[in-house]
Amino acid sequence: MASECKLTPLAVAVLALLLERPMHPYEVYQLLMQRSMDSFVKVRPGSLYHTFERLLKGGTVRAVGTEREGNRPERTTYEITSEGREAMERKVREMLAESDHEYPNFPLAVGEAHNIPRETAVMLLSERLERKRAEVAVLDTKITSAEEREIPKRYWLAADFCRAMTTAEIGWLKSLIADIETGDIPWGQNVTKTS
């Protein structure tokens, strides 16, 4: 019986790739990067190898062989276990169902932006708008590439979601900047607050 292993987002991504076929950690790393998963999951070689160690200890993966190419170190190939499949499915269900309460900086910053000069707020929001437009352009390129290579959409749903969310933020930012510039949103600390 496998010990209970708390699955991080990286562990979920690893197990999902191992559902496709047995792989060694470097192959998993290459595939994560090729599929641009590093846009959604923090991927570092050291943390990836640590994740494999934790998954092996937790019984969610097992070693199925080793190989050596030339003078390179041996590479151990892993496959997902039935316990790993169950744990991954449980975690994916949990992640899909939950409404996570992360505490990103932007909502707080925009809520307190009235405490800085209007021109500075407009400038900073405009810069953010341009960065978001650039992010959408990158996502569009990745999505187009995936479509051209006929990669099934199930493998790039995260990119599609991020594109939709970023596009929504772009629309909101454009509206907010316009409202600040026209004075539709009163600005500054001396604005009377209503209770």
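A crossing is left-handed if the near helix is turned anticlockwise from the far one by less than a right angle, and right-handed if clockwise. With that in hand, welcome to a short tour: the crossing of α6 and α7 is left-handed, and α1 also passes α4 in a left-handed crossing. This is a predicted model, in which local features need pLDDT of at least 70, side-chain atom pairs count only at pLDDT 80 or more, and totals for chains, interfaces and linings use all residues. Residues are numbered from 1 along each chain as its sequence is written, and side-chain values use heavy atoms, with hydrogens and water left out. Helices (H or I, at least four residues) and strands (E, at least two) are DSSP runs, numbered from the N terminus.

**Helix α1 and its partners**

- Two packed helices are described by the angle between their axes and the distance between the axes. Axes here are lines fitted to C-alpha atoms, for helices over the stretch in contact, and angles run from 0 to 180 degrees between N-to-C directions.
- Helix α1 (residues 9-20) and helix α2 (residues 25-34) have axes that come within 10 Å and cross at roughly 105 degrees. The two are therefore roughly perpendicular to each other; angles under 35 degrees count as roughly parallel, over 145 as roughly antiparallel, 65 to 115 as roughly perpendicular and the rest as oblique.
- On the α1 side of this contact (heavy atoms within 4.5 Å) are L10, A13, V14, L17, L18 and E20, which meet V28, L31 and L32 of α2. The residues of the contact of α1 with α2 comprise 8 nonpolar, no polar and 1 charged. For these classes, Ala, Val, Leu, Ile, Met, Phe, Trp, Tyr, Cys and Pro count as nonpolar, Asp, Glu, Lys and Arg as charged, and the others, Gly among them, as polar.
- The axes of α1 and α4 come within 10 Å, crossing at roughly 125 degrees. That makes α1 oblique to α4.
- Here α1 contributes V12, L15, A16 and L19, and these meet G84, R85, M88, K91, V92 and M95 in α4. The contact of α1 with α4 divides into 7 nonpolar, 1 polar and 2 charged residues.

**Helices α6 and α7**

- The axes of α6 and α7 lie 9 Å apart, and the helices pack at an angle of about 155 degrees. That makes α6 roughly antiparallel to α7.
- Residues in the contact of α6 with α7 divide into 13 nonpolar, 3 polar and 11 charged.
- T166 sits in helix α7 and is buried, with a relative accessible area of 9%. Buried means under 20% relative accessible area, exposed over 50%, and partly exposed in between (1.4 Å probe, protein chains only).
- Apart from neighbours within four places in sequence, T166 is in contact with K132, E135, V136 and L139.
- E150 is in the loop between α6 (118-148) and α7 (157-182), and counts as exposed at 68% relative accessibility.
- Most residues other than glycine have a negative phi, and most peptide bonds are trans. The phi of E150 is near 55 degrees, a positive value in a residue other than glycine.

**Aromatic pairs**

- A pair of aromatic rings is described by the distance of the centres and the angle of the planes. Rings of Phe, Tyr and Trp (its six-membered ring) pair if their centres lie within 6.5 Å; planes under 30 degrees apart count as stacked, over 60 as edge-to-face and the rest as tilted.
- By this rule there are 2 aromatic pairs. In one, the rings of F52 and Y78 have centres 5.0 Å apart and planes at 40 degrees, so the pair is tilted.
- This pair links distant parts of the chain, with F52 in helix α3 (residues 45-58) and Y78 in strand β2 (residues 75-80), 26 residues apart. Both F52 and Y78 are buried.
- The rings of F106 and W172 have centres 6.4 Å apart and planes at 85 degrees, so that pair is edge-to-face.
- F106 lies in helix α5 (residues 105-112) and W172 in helix α7, so the pair ties together parts that are 66 residues apart in sequence. W172 counts as partly exposed, at 43% relative accessibility.

- R90 is found in helix α4 (residues 82-97) and counts as partly exposed at 46% relative accessibility. The C-alpha atoms of R90 and L7 are separated by 9.8 Å, though these residues are 83 residues apart along the chain.
- N115 lies in the loop between α5 and α6 and counts as partly exposed at 34% relative accessibility. Between the C-alpha atoms of N115 and G188, 73 residues apart along the chain, the separation is 5.7 Å.
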